[in-house]
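Please examine the sequence and the structure shown below. The paragraphs that follow lead through selected parts of the structure in turn.

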Amino acid sequence: MAEETELRYEPASIEPKWQQRWAADPTMYAAESADCGKPKYYVIEMLPYPSGKLHMGHVRNYSIGDALARHMWMKGYNVLHPMGWDSFGLPAENAALKNNTPPREWTLSNIAAMKKQMERLGLGYDWEREVTTCLPEYYRWNQWFFLRMYEKGLVYRKQSKVNWCPQCATVLANEQVVNDCCWRHETTPVEQRNLEQWFYRITAYADELLDGIDALEGWPEKVRTMQRNWIGRSKGTEVDFFAYNDEAITAGALKGNGEAEQRGEKIRVFTTRIDTIFGATSVQLAPEHPIVARFAANDAKLKAAVEAMIEQQKKAKEDGDIGSIEKEGIFTGHYAINPYNQTKVPIWIANYILADYGTGAIMSVPAHDERDFEFAKKYDLPIVQVIEPVQNEDTTELPFCSKEGKIVNSDPLVDGLTCLEAQKKLQEIARDKGFGEAKTTFRLKDWGVSRQRYWGTPIPMINCPACGLVPVPDDQLPVLLPEQIAITQQGGSPLSRVPEFLNTTCPKCGAAAKRETDTMDTFVDSSWYFYRYTDAKNPAQPFDPKAAQYWFPIDQYIGGVEHAILHLIYSRFWTRVMRDLGLIVNDEPATRLFTQGMVLKDGSKMSKSKGNVVSPDDMVASYGADATRMYALFAAPPDRDLDWQEDGVAGISRFLGRVYRIALKYAPAAVAAKGTRLDKPTGTALKLLRKLHQTTAKITLDFEGRWHFNTCVAAIMELVNEIQSADAELAKGEVPQAAVYELLHTLTLLLAPFAPYLAAELWEMLGEKGNVLRAPWPASNAELAKENEKELPVQINGKLVSLVRVAADADAKTIEAAALADEKVQSRTAGKTVAKVIVVPGRAVNLVVK
RNA sequence: GCGAAAGUGGCGGAAUUGGCAGACGCACCAGACUUAGGAUCUGGCGGAGCAAUCCAUGGGGGUUCGAGUCCCCCCUUUCGCACCA
């Protein structure tokens with residue numbers, strides 16, 4: 001009885017003991033200096049928002065990163081593995097409203113709580129480099145970057161329509177609008193408002209951000225595709241049509257190109273298929289196109305129809321089914337002149353034309369565009385074919401949208417040319433005559449960063465009645481966020497209601513002036529935090545360029561795929577800005593990116609409303625941190641979704657208990673054999689050591705690329721099962737102690753990345769004083785790992801019939817002979833002809849029998 | 001609609017190059033030790049059949065000596081994009 005109690009694996013006593021010892025050693029997970037002589041390895045997990053509690057997604061994310069970091073430490077790398085807090089943002093203000101707690105206090109106490117959870121989980125972070133984005137030591141550099149970008153023309157201000165979430169009472173970036181609803185309030189439609197906003201000119205880097213994706217070979221293809229789509233580069237041409245009303249044309253007012261320019265009202269269209277312009281049979285305008293309002297000014301009927309269409313578009317956007325609504329159009333009664341041939345075409349307003357893409361106007365070529373074709377059919381507009389498909393084209397039916405063809409029926413200048421040749425030619429003409437130009441359009445918009453919120457980085461600008469907008473001088477940074485302010489639900493920027501903050505003097509002329517009261521989007525904070533880790537306490541610069549140059553790029557970045565566009569595009573943008581400021585030399589922030597799958601419960605995302613949230617604290621309390629972490633790695637490959645099953649965690653806990661008891665039983669005697677070597681193991685010792693070296697090889701290989709930690713854990717279980725099944729021999733002392741020692745020693749090392757607490761405990765049992773993290777990762781002896789005999793499957797006509805035991809390196813002849821000699825094979829082939837024998841040495845034998 | 005990933009026992013998953021389908025774990029069943037068991041140990045565990053055997057990786061075809069794996073068609077699920085001119 002007493003003995004049994006003693007043998008019980010109790011993480012609740014083992015783990016806190018080690019946690020305390022580790023806390024006493026701040027160098028435990030500290031990165032070393034650049035001249036330490038080791039190769040560097042920079043691995044981070046995406047920093048969390050300090051909501052107050054870790055969720056299982058965090059646990060999974062950090063278990064993956066921590067296992068990798070630990071493995072790299074053991075491999076002898078100088079590892080940088082830091083953690084921080086993305087700690088500005090709306091929830092702090094909401095909490096302030098709800099509980100009357102100041103945002104700063106609420107945030108900092110959440111951070112303290114979550115840090116405790118991380119420490120309890122045994123995650124190995126270099127806390128000396130902790131970055132907390134809501135502290136002035138950090139956000140002053142957001143302001144500093146803002147000013148540098150302002151100087152370079154990468155920050156500008158414009159009156160613009162912005163996405164407004166009535167729930168958040170603030171502006172959202174395009175990236176924060178999901179299905180035309182707020183990304184935090186998925187059922188709240190986003191409204192449009194006109195406000196003066198600050199923008200980062202990310203489009204200045206649009207080409208580079210897009211082209212750079214090709215080089216990101218260590219990033220998931222999925223993320224690369226999403227970024228390509230998001231940037232959405234489209235190369236085409238803009239040309240001006242000229243609007244007339246019908247009377248002007250019939251009255252002969254139109255005499256030629258020159259006159260058209262004088263008289264017409266310009267309608268600029270964007271097209272990727274300027275080669276089809278002679279097939280344009282109408283011009284289509286978005287209902288919100290500015291010229292539409294002028295057409296409708298004296299036409300009440302048109303005005304009503306347009307307003308209805310705008311309403312319809314808006315609703316479709318909100319419902320997320322813009323893209324599938326029935327095409328509808330309104331004829332304006334006006335006509336436009338094709339600038340190339342002076343052809344008169346009707347101007348329509350159409351519900352499938354978007355005001356905020358391109359110029360909000362298109363030329364409609366029904367013969368060569370699906371949508372235009374559909375529209376023309378419905379409204380009986382002419383369809384003029386101007387491209388003749390090449391011979392081998394599969395379908396020649398209209399609409400013919402491929403570029404594989406020759407221009408016909410157009411103009412002597414382009415007839416007979418290929419589409420691409422014609423495009424080039426027509427662009428030249430437009431440029432020479434001044435009615436158009438080649439143009440590249442992006443879906444990516446400039447990054448609106450103004451937020452009418454309190455808990456964010458104050459924008460370092462001052463509005464002086466005399467001097468206008470004046471940047472805050474560097475020596476007045478940081479512009480501190482006032483701490484004691486009343487958070488209310490009134491609209492507008494909370495800072496505008498804080499006179500001490502609002503009122504200041506102009507840095508230029510000294511007159512009374514007012515501060516900018518908007519704060520920055522929190523995505524600013526996370527765009528460069530990982531650079532700060534390299535020199536987290538620098539009071540004079542965002543970071544020392546030398547430190548960043550040593551550590552960057554990040555070798556492995558790990559996080560959720562939900563950040564594939566927002567955070568990861570902004571980070572790539574910011575990296576380029578910093579490069580152009582001369583702070584860093586890398587173009588991209590991270591060489592490799594890994595996106596882990598979600599943690600589910602009963603097949604669906606954990607959420608309070610579903611009541612299926614599993615708390616990491618409960619798991620750790622019941623089964624320990626090691627079991628919780630190891631289960632997170634064991635239950636599924638890291639890139640796939642994982643369904644959390646508590647019974648599974650219990651299983652891991654039982655497994656760890658088995659390991660613990662084996663060590664308790666056999667370590668004391670084995671320690672005596674420490675340092676001795678077993679030269680030629682035989683029997684059970686050979687069998688166990690062979691399995692040990694196979695396991696080592698498998699796990700080492702997986703860390704190098706595949707990352708199937710679920711099978712790594714399974715392999716360790718197989719090894720332990722094999723040790724367990726040799727229990728009788730071990731108990732009788734039939735296995736040499738040197739072999740037992742090697743088994744336990746290496747097993748401990750293999751466990752170290754996955755179960756750090758138990759590994760530390762076993763390490764101590766084995767008489768080791770130092771930290772297991774500093775012990776070298778075990779090498780697999782290939783000679784020992786190799787099987788000398790193998791059981792090969794014998795098939796007859798592809799069906800498994802028997803197994804034959806042969807030497808592992810047996811040649812084809814030997815294997816064939818063994819297979820033919822096999823009893824089962826003989827009885828199956830009796831009286832039949834063996835037509836063919838296929839031998840794959842080391843793999844299989846197949847007899848073709850007739 | 002377009003694109004990507006996935007579909008394997010009761011469940012999570014394994015099979016890295018075309019070569020023993022179901023490793024490992026959970027659940028379940030039986031046994032041992034027990035006053036007791038949410039402890040531990042031993043054994044069993046895809047389906048059908050007493051058995052020899054047969055059937056089985058979403059469905060249907062194909063390539064191959066041999067297919068979960070390669071090719072074609074279809075179905076389902078998840079994700080991304082979606083009138084972007």
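**The surroundings of the RNA strand**

Helix H23 (residues 709-725) supplies the largest share of the surface near RNA strand B, namely seven residues. Helices (H or I, at least four residues) and strands (E, at least two) are DSSP runs numbered from the N terminus, and a residue is near a molecule or strand if one of its heavy atoms lies within 4 Å of it. The model is predicted: local features need pLDDT of at least 70 and side-chain atom pairs count only at pLDDT 80 or more, while totals for chains, interfaces and linings use all residues. Residues are numbered from 1 along each chain as its sequence is written, chains are lettered from A and ligands numbered from 1 in the order in which they are written, and side-chain values use heavy atoms, with hydrogens and water left out.

In total, 55 residues surround RNA strand B, and the closest are Thr 272, Lys 327, Tyr 357, Arg 371 and Arg 443. Of the atoms of RNA strand B that come within 4 Å of the protein, 64% belong to sugar and phosphate. In the case of Lys 799, an N or O atom of the side chain is 3.0 Å from a phosphate oxygen of RNA strand B.

Strand S31 (residues 789-796) and strand S32 (residues 799-807) run antiparallel and are joined by eight bridges; two strands pair if DSSP finds at least two bridges between them. Two residues separate S31 from S32 in this hairpin, and Asn 797 in the turn has a positive phi of about 50°.

Strand S26 (residues 556-560) runs parallel to S27, with four bridges between them, and Gly 559 has Thr 595 in S27 as its bridge partner. How many residues of H18 are buried (under 20% relative accessible area)? The number is 14 of 15, so H18 is largely enclosed by the rest of the structure. After H18 comes Gly 582, with a positive phi near 85°.

In a regular strand the side chains alternate between the two faces of the sheet. Accordingly, in strand S27 (residues 593-596), Leu 593 and Thr 595 point one way and Phe 594 and Gln 596 the other way, and all are buried.

Notes:
A polar contact is a pair of N or O atoms within 3.5 Å; within protein, one must be able to donate a hydrogen and the other to accept it, and residues adjacent in sequence count only if both atoms are side-chain atoms. Buried means under 20% relative accessible area, exposed over 50%, partly exposed in between (1.4 Å probe, protein chains only).
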